[in-house]
Amino acid sequence: MTTRSSRSRAACLLAIASVALASCGGGGGGGDNATSARADGARDRHAEGATRAATISLADANRLAQQATFGPNEAMVADIQARGAAAWLKAQMELKTSRYTSGGDDSIDRHRDTKGAFCDTPPHDQEPDCWVRYRTPEPLREDFFRNATTQDDQVHQRAALALQHIFVISSVTILRTYGLRNYFNGLMDNALGNYRDVLRTVAMSPVMGDYLNNVNNDKAAPNENFAREQLQLFSLGPCKLEMDGTLTGGSCQPVYDNDMVREYAYAMTGWTFPPGGGDYRTCRLPGSNCQFYTGDMVVVPSFHDTNARTLLSGVTVPAGSTAPQALELVLDSIMAHPNIGPFVAYRMIQHFVTSNPSKEYVTRVATAFDKGRYSSDGVPFGNGTKGNLRAVIAAVLLDPEARSSAYASSTKGFLRDPIMFFTGTLRGLNGKSDGRNMGDWGEILHEDIFSPPSVFDFYLPSYPVAGTDLVGPQFGIHNANSALDRLNFLNFLLFDGGAKAIKKDPNSLGTQIDDTAFLSSADDPDALVDRLSLVAFGHVLPTVSRQPVIDAVGYWNEANAKNEWRHKRVFTAAYLVYGSPNYEVQR
Amino acid sequence: MTNKHHDHPGLDDASRRAWLRRCGVLMASGMGLGALAPLAGAKDAGYKALVCIELAGGNDGLNTITPMDESRYAQYANVRGPLALPKDALLPLNSDYGLHPSLSALVTYWQQQKLATLFNVGPLHEPLTQQEYLSLPAGSPQVPGNLFSHSDQLVLWESSTSDPMARSGWGGRASEILGTANPVISLGGNSTFGVESLRTPLVLPFAGALFGATGLMAKDMDKRANALRRAAMDALHAQPQGLALADAYTAIHRDAFVVAERLGALVASVPGDALSSPAIDDAFSPLFDKSGLPGTPTAAQLYQIAKMINGRQIVLGNRQIFYARQGGYDTHSNQVDDEDVTQGTHAGLLRELGDALAAFQRAMENLGMSDEVTAFTQADFGRTFASNTSRGTDHAWGNCHFILGGAVHGGASYGTYPQLVLGGQDDCSDDASTSQGRWIPTTPVDKYAQALLHWFGLSGDQIAAVLPNLANFPAGRLKFI
């Protein structure tokens, strides 16, 4: 039950949180107010930003955090408001601290198996988790959730994740932790670099070479797997595109036919694993190296086709070229193709902002890809080289279609995928995770992060949403069952207490929220629900659904929950807010 | 593409089930069992089920059903080279064809005339000769779009169209036109096959899993805190969102609560528990793992489907389409073992498929439902006739498939087996020196679907509405069922 004073307190909280309002002594637009003060050290940055940055509302700052990071929390949103969107993004792009570091090393593949499997051989037979550390993605999953929930380089990590959804490999068939680690660090290292470098890193990776069968691919009759998916999934797509992402000519005009795929397959022959592997069963083919995932693939001239090959974009591989020369020409042909800008633009927009961008939005981002530059609010991004990913990501995140709440279209937004749902809920509630339970939850919700079912990832860009004319990739793994399982994750995290940290283990964080900051609002259910709504999605719930949420929260009191009642109120509010469609579908 | 296995190092099946139990799964014990006991005895007049099993990645049909007559076997072995199955390893269906040895569980159904094969079937817009294919301009609407691409070909098969941008599947459209109680029930994901204009496929988890929201189910409503939370959740999802994707999301959610109440106990039932069916459990028991659950993903999917068929009074409806998916068939390399061609990746996949299909058919017979249930396979595409130097095969087009059930006119083959000649009349290339052998289908997916839907009970007009390209082909229905 709310009193008049608590109602005005709630209104005050709203006003303080929103820079534009000037009541309750909270200060006017862009001014020094409680919001800035809440963000440690933000005041100084705010002072210099205020002269340049456009005023950014709490709703828009929250939206930017949803789009650009693993989830907003109160401190981050205040920081974005203080700096302005462009300056904040620029500063974020300078932070690149996260890497994958956990799990066993490459000794599992140096092992010569003379006395049995690696984990059965001393000293590894004494390690109870040898299998997990050397053969599974579990250590990397732990790094991922730890970094996503606690590390500051949020945009860098999101950029790497965007690439991970394009340049897909899977732990389902790559059974080496160190190999997966090397591969995903390769994406992490290039995530804010240049798309051409990503293409090269992936093409030279022995992990990708194994996954899509280009390692030891031989000129006599090469398989077509990597060649096809490099064109179809990693760079151009099968149909010719305009800069705005629409099909050239209005229907699918093929970019390549199967003969062209074969030209690429021949051009990409000639590579084997780097040296260092010790399992002779994996290098029976004369000239090949044994399975090994440290370093790049190396050349085997006898495997490499030396005929002239005609590629796309008017590029030819001259007769007698070496494998590295052919690779650079392959990359030239891809980077020169008109499809590359809109292909990358569309996928980046779908990952960060919306499943159904306007043609104009795609054009703007594709242009940033081609020019390698983007500028907003006087803040420059990119170095002018085609394919610069800072320019692309800035174009995606700072575009009016992403930023302006005035862009009101019923077709915007996207369904938050399970990984972002997990991290967003944790971060909003000041929580953290060491990822040790997240494999099971990922599997339940059909998105166990390093284990997509195929190179086509968990879902396709084009998945049709029944009842609409739109696409919604994340709907490709969403159904009645998973709808309820999202609530079961919230139940686990909130009412079951998540997973506790193991006290003896300094690396253990558990999977836990921290409700401390929100307890102070728990006495007033209206205020608590509004506060959590603002954290989660930047505005309060619509009136009709807001009241039942308040009623469910306000049920808890000292009589029915003893001294747990404030916690119960926070859990209930968090469950309903983070389980609401207002959160689940990012707008 | 690769297969997703459900092994989880560090969390074996027993621990996983213990964990699921802790999370409030396995609620069967809390329900009124009498009301939900499976039917015994009388069949429901008019019930029929279609079960689609998709072999994702593109099954190599040539090593699945292989010619055994002397001249064609020689053609096959000559081109297949190191991938050719030895003739004496094949399981003869008749003097003309043999099955891959891993499909031993299916031979008896051929002999009982419940298993049929359909040759060289695939997506077409209209009948297409080799010369037409080679002379039509790239992107011509007369040729299906984006051939040889997994994702696009799956859409073509699942939608029975020539348009890779199709937004619905023929399973979905058939369900919609009949007004079935449920959309396609899927154990294998949200594939386009089951998508309709308004409904999404009903994707169910494996036996033993929770299908419901802890704390918000009917049995939880006696606690006021839960009732208030459920009321709030309902209010949140009743609210118009003003955003198409959000409204689609809330529609799925509202439906989820209703369906979960109806199906939760049946979904959660595991072999041997109070809700289980001995008829089904006996049929699948050879495939159980040490935790007492079906031990392969394909068996697990077909087990659940069998339960839903047996539980049709709970599932509702007298027409139901089901969908299952087995992944891993994209055998570009290491399709066969280098020491024994009858072993290896493909052999393992076919073993899983054949054993699961046989268990499913046994279950249907045990239930007395064999005449009412028809299973059929499909795949993205077949694979190249010639192998590559990675000991595998690449993406092709026309393929062969199975149909299984009591209503099938089995022990016979339908369609036309392709001519096993590189650059020959069935090849989409006329250049023997460069071709890998990819067959232009001589039977379209539309004809495959037409026969199944006719049996399923759709009228001619309904079939024409569901299969828009059917009119492009000569009249006449395949007679495998």
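Q: How do strand 3 and strand 4 of chain B run where bridges join them, parallel or antiparallel?
A: In general, strands of a sheet pair through backbone hydrogen bonds, in either a parallel or an antiparallel sense. Here strand 3 of chain B is joined to strand 4 (residues 97–99) of chain B by 2 bridges, and the two run antiparallel. Pro92(B) stands opposite Gly98(B) in strand 4. Strands are DSSP runs of E with at least two residues, helices are runs of H or I with at least four, and both are numbered from the N terminus; two strands pair if DSSP finds at least two bridges between them.
This is a predicted model, in which local features need pLDDT of at least 70 and side-chain atom pairs count only at pLDDT 80 or more, while totals for chains, interfaces and linings use all residues. Residues are numbered from 1 along each chain as its sequence is written, chains are lettered from A and ligands numbered from 1 in the order in which they are written, and side-chain values use heavy atoms, leaving out hydrogens and water.

Q: Which strands stand at the edges of that sheet?
A: The open sheet has 3 strands in the order 2-4-3 (chain B), paired antiparallel. Strand 2 (65–67) and strand 3 (91–92) of chain B are at the edges with a single partner strand each, so one side of each has no neighbour in the sheet.

Q: Which strands pair with strand 5 of chain B?
A: Strand 5 of chain B pairs antiparallel with strand 10 (residues 399–404) over 5 bridges, and Val121(B) stands opposite Asn399(B) there. Strand 5 also pairs in the parallel sense with strand 11 (residues 412–415) over 4 bridges, and 2 bridges join it to strand 12 (residues 443–444), again running parallel.

Q: How many residues of strand 5 of chain B are buried?
A: Buried means under 20% relative accessible area, exposed over 50%, and partly exposed in between (1.4 Å probe, protein chains only). In strand 5 of chain B (residues 115–122), 8 of its 8 residues are buried.

Q: What kind of aromatic pair do Phe421(A) and Phe422(A) form?
A: Rings of Phe, Tyr and Trp (its six-membered ring) pair if their centres lie within 6.5 Å; planes under 30 degrees apart count as stacked, over 60 as edge-to-face and the rest as tilted. The whole structure holds 42 aromatic pairs over all chains. Phe421(A) and Phe422(A) form a tilted one, 5.9 Å centre to centre with 40° between the planes.
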